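Hi,

Here is the structure I promised to send you. Have a look at it first, and then read on for what I found.

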Protein chains: 2
Amino acid sequence: MAYELHYWPTIQGRGEFVRLALEAAGAPYIDIARGDEADKQGVPALMRALADKRERHLPFAPPFLKDGDYVIGQTAAILQYLAPTLKLVGRNEQARTWSLQVQLTIADMVDEAHDAHHPVSSSLYYEDQKPEALRRASFFCRERMPKFMQWFERILVQNPAGPRHLVAGRLSYPDLSLFQLVEGLRYAFPKASERVLSRTPHVRELQARVAALPRVAAYLASERRIPFNQQGLFRHYPELDDA
Amino acid sequence: MAYELHYWPTIQGRGEFVRLALEAAGAPYIDIARGDEADKQGVPALMRALADKRERHLPFAPPFLKDGDYVIGQTAAILQYLAPTLKLVGRNEQARTWSLQVQLTIADMVDEAHDAHHPVSSSLYYEDQKPEALRRASFFCRERMPKFMQWFERILVQNPAGPRHLVAGRLSYPDLSLFQLVEGLRYAFPKASERVLSRTPHVRELQARVAALPRVAAYLASERRIPFNQQGLFRHYPELDDA
């Protein structure tokens, strides 16, 4: 049975980390909110699931996944759950735990990339928090982005199985997520991210390698891949890049 | 062998979620950075571990835990790792996954509580980002705090095993973490949190029940419990409470 992914239909957002894992594994899934309301899909289906008074594992927010009757939310928890079945994590407990730890650090950086353009509130427009965004984006580009990216570089270099992967010697879901993070930073902060990536060569190479994986390349070229835009996590406001 | 917890020695911070789990389980641990440099402890020991060029699981930031030679960072990953041994999670995979999901949502709220007083950068003083903090704290108190707390209330009410616990019918680490979150909110935002808690009775009862657990009560009364202060995650600036 196909997985059901529930996420906002017009942005990559946090749902994209789950889409990439499903696509890279060739797993069947339905992107529910992008479907037709006549087929009991679309955004109303997502909203109904979030309001379900009988659901014992009620998610706080999208993305969430349905595997039959089993519902699971929080991006990192979804990936942790899916990865053994999709063969996107090693079999032993240490590989699973390290994958989770790397994924949570990616998630922390994603949150900070979002808050660079929305430092006051997600319920305000960017234009209503622009002075605050200019200040926060400056710290993000100068301090936080280098700090995070240098850590990714170091853990690649310190991987006993070699610097081609984040976890052991094979593709795992944190590799896919780091690819997506770098893609987003390049879209949102082309100048600042280029400067940082010039000093993190193994991160840059991993990103290129993931982009060239046949299933990932096919997905990126398809209509299933929503382009980056100004409603998502990663937004390109030139004034915030290297502010 | 005792666990080694590595975290900043003068604040509760994110390390407190790990301390509470270890204390509630009666597990032996050494709070490394609070120890004596003469015993190879203290903050220098923590800094050395963060700079270890041979560590395959290098943590990004404190807190991190050492279990013998095995190192693990990221609060939610540490708890996920410790919980089966500490008997702070159910045995089946569904209980572990739901616990992780709830913990990650607690972590999201903790991040937002921190950013209410530091919306621009953690490397600036509060006094240098006070106008931005006033705006962000207002949204935090009016929108985000009710939204998160109402979700905790709902998952308690919708727990098929009853509203006394977040996961199944027994104490698990998310219960301890929700206790700590409510404690922190009461310290930082006494007015706003009281208003929200008056409408989330099961959350309030869970908090009181955890505080009364013998091992937790003994810990809270001990010198091992660092008092809340103005350097931690939760800070009490009266002007931000219900701003």
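Which residues have the most contacts inside the largest nonpolar core? Please keep in mind that this is a predicted model. The largest nonpolar core has 133 residues, and those with the most contacts inside it are A:Ala21, A:Leu79, A:Leu178, B:Ala21, B:Leu79, B:Ala113 and B:Leu178.

Leaving aside residues up to four places away in sequence, B:Ala113 touches B:Phe140, B:Gly184, B:Leu185, B:Ala188, B:Leu233 and B:Phe234.

Now for chain A as a whole. Chain A has nine helices and four strands, and from the N terminus on they run β-α-β-α-β-β-α-α-α-α-α-α-α. The radius of gyration of chain A is 18 Å, close to the 18 Å that the globule rule gives for 243 residues, so chain A is as compact as a globular protein of that length. Its C-alpha trace spans about 50 × 45 × 35 Å along the principal axes. Of the 243 residues of chain A, 46% count as buried. If you take the contacts in chain A between residues at least 6 apart in sequence, 68% of them join residues at least 24 apart.

Chain A is also divided into two parts: domain 1 (3-86) and domain 2 (93-212). Taken over C-alpha atoms, the centres of these domains of chain A are separated by 23 Å. Where they meet, 10 residues of domain 1 of chain A are in contact with 10 residues of domain 2 of chain A. On the domain 1 side, helix H1 (15-25) and helix H3 (75-86) of chain A each supply at least two residues. By class, that side has seven nonpolar, two polar and one charged residues.

Next, the two chains together. A rotation of 180 degrees, with 0.0 Å of shift along its axis, superposes chain B on chain A with an RMSD of 0.0 Å. That is the relation of a two-fold axis. Both copies use the same surface: 100% of the contact residues of chain B recur in chain A.

How many residues of chain B are in contact with chain A? There are 36 of them, and they meet 36 residues of chain A. The elements of chain B that give two or more residues to this side are strand E4 (70-73), helix H3 (75-86), helix H4 (93-117) and helix H5 (130-157). The residues on this side of chain B divide into 15 nonpolar, 11 polar and 10 charged.

Enjoy exploring!

Best wishes

Definitions and conventions. Residues are numbered from 1 along each chain as its sequence is written. Chains are lettered from A and ligands numbered from 1 in the order in which they are written. This is a predicted model: local features need pLDDT of at least 70, side-chain atom pairs count only at pLDDT 80 or more; totals for chains, interfaces and linings use all residues. Copies are superposed by least squares on the C-alpha atoms of residues with pLDDT of at least 70 in both. Two residues are in contact if their C-beta atoms, placed from the backbone, lie within 7 Å. Ala, Val, Leu, Ile, Met, Phe, Trp, Tyr, Cys and Pro count as nonpolar, Asp, Glu, Lys and Arg as charged, and the others, Gly among them, as polar. A nonpolar core is a set of buried Ala, Val, Leu, Ile, Met, Phe, Trp, Tyr and Cys residues joined through C-beta atoms within 7 Å. A residue is buried if 20 or more other C-beta atoms lie within 10 Å of its own, exposed if 12 or fewer, and partly exposed in between; C-beta atoms are placed from the backbone. Domain bounds come from an automatic or database domain assignment. The radius of gyration is taken over C-alpha atoms; the globule rule is 2.2 Å times the number of residues to the power 0.38.
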